[in-house]
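Please read the following points beside the model.

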Amino acid sequence: INMHLGNQTSVSEFLLLGLFTQPEQQELLFALFLAMYLATVVGNGLIVLAIGLDSYLHTPMYLFLANLAFADISSISTSVPKMLMNIQTKSPSISYESCVTQMYFSIVFVVIDNFLLGVMACDRFVAICHPLNYTAIMGPRLCLWLTAIPWVLSNAVTLTHTLLLLRLVFCDGNALPHFFCDLAPLLRLSCSDTTANELVLFVVGSWVVTLPFALTLISYVCVVRAVLRLSPTEGRWKAFSTCGSHLTVVFLFYGTIAGVYFFPSSSDPDNRDKIGAVLFTVVTPMMNPFIYSLRNKDMKGALRRLLHGRRALPVMP
């Protein structure tokens with residue numbers, strides 16, 4: 001398993017210990033995560049198909065939602081299938097190259113989710129606070145930039161972390177107390193000096209989390225102020241209900257990431273990392289179809305037309 005590099009030893013594979021080590025819990029864990037994975041893929045996949053095939057939903061808001069749904073499918077697909085395969089085969093090993101690849105894509109899609117949540121909040125701010133100028137402001141060129149920038153920035157951030165990780169040496173210990181190759185547990189497992197990695201993780205990670213969260217918070221403060229000026233009480237309640245559901249996901253997502261990576265280590269950082277990773281790589285992607293679709297009449301109508309094989313007619317201006 002080991003490759004000798006000078007006086008040090010570097011492992012060529014890792015052992016993913018998973019969430020639980022007790023054999024009797026593995027079948028329940030397999031069934032639970034398989035159900036969550038299928039629900040996430042089916043729910044978000046229907047969103048992507050409905051938006052792509054329904055011309056009524058070819059608007060900036062649904063363009064961003066389709067990107068978020070695709071990122072959620074990709075995020076959960078980087079970790080859960082490998083975990084399920086390890087449980088079935090009872091072989092927890094993963095090669096060094098596969099581990100680094102899994103870490104890369106897991107970070108990419110989590111960072112994309114960060115930026116897309118901020119972009120979607122800004123879109124709602126323009127739609128509610130400047131409805132008359134919405135079409136002029138959210139033109140095709142700006143929407144293209146707002147869609148492309150999260151993907152470019154997320155890959156740049158992840159490439160930085162990956163290049164810094166590749167210079168580290170992993171000695172005899174190769175047991176990773178996690179269900180996938182996450183950055184923080186890998187840094188703790190290395191026998192090299194990880195000061196630079198931890199500094200970059202904190203500085204870049206703080207910026208990646210803080211900027212979208214600030215955009216989301218400021219946007220929704222303005223949205224709430226605009227909604228309070230509405231006269232119908234029922235309209236206010238409907239708007240607050242929708243915003244409250246969205247903000248619940250936002251706070252769960254950002255709060256979990258901050259708790260996992262930026263607050264002082266707890267007495268059991270491995271369990272903290274695993275719980276946090278389950279929340280923002282499995283639970284949140286599974287919740288997004290319910291939050292963004294079931295409370296949205298246009299989305300529900302598009303899903304019904306998709307399931308019945310009907311196409312929407314273009315909306316005349």
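1. Helices (H or I, at least four residues) and strands (E, at least two) are DSSP runs, numbered from the N terminus. Over residues 199–228 the chain is 100% helix and 0% strand, with end C-alpha atoms 43 Å apart. Residues 142–170 are 86% helix and 0% strand, and their end C-alpha atoms lie 44 Å apart.

2. This is a predicted model, in which local features need pLDDT of at least 70, side-chain atom pairs count only at pLDDT 80 or more, and totals for chains, interfaces and linings use all residues. Residues are numbered from 1 along each chain as its sequence is written, and side-chain values use heavy atoms, with hydrogens and water left out.

3. An unreviewed UniProt entry lists several spans as "transmembrane region", including 142–170 and 199–228; such annotations may be inferred rather than shown by experiment.

4. Three strands make an open, mixed sheet in the order E4-E3-E5. E4 (93–95) and E5 (175–176) are the edge strands, each with a single partner, so one side of each has no neighbour in the sheet. Pairing requires at least two bridges found by DSSP between two strands. E3 (residues 13–16) pairs with E4 in the antiparallel sense over three bridges, and Leu-15 stands opposite Ser-93 in E4.

5. A cavity is a set of points on a 1 Å grid, over the protein atoms alone, where a 1.4 Å probe fits but cannot get out; lining residues have an atom within 4 Å of a point. The whole structure holds two cavities of 30 Å³ or more, volume being the space filled by probe spheres set on the points.

6. Which helix gives the most to the lining of the second largest cavity? H10 does, with three residues. H2 (60–77), H4, H9 (233–261) and H10 (269–294) each supply at least two. Among the lining residues are Asp-72, Asp-113 and Asn-288.

How values were computed. 1 Å grid on protein atoms, 1.4 Å probe; cavity = no way out; pocket = protein on both sides within 12 Å on 5 of 7 lines; lining within 4 Å.
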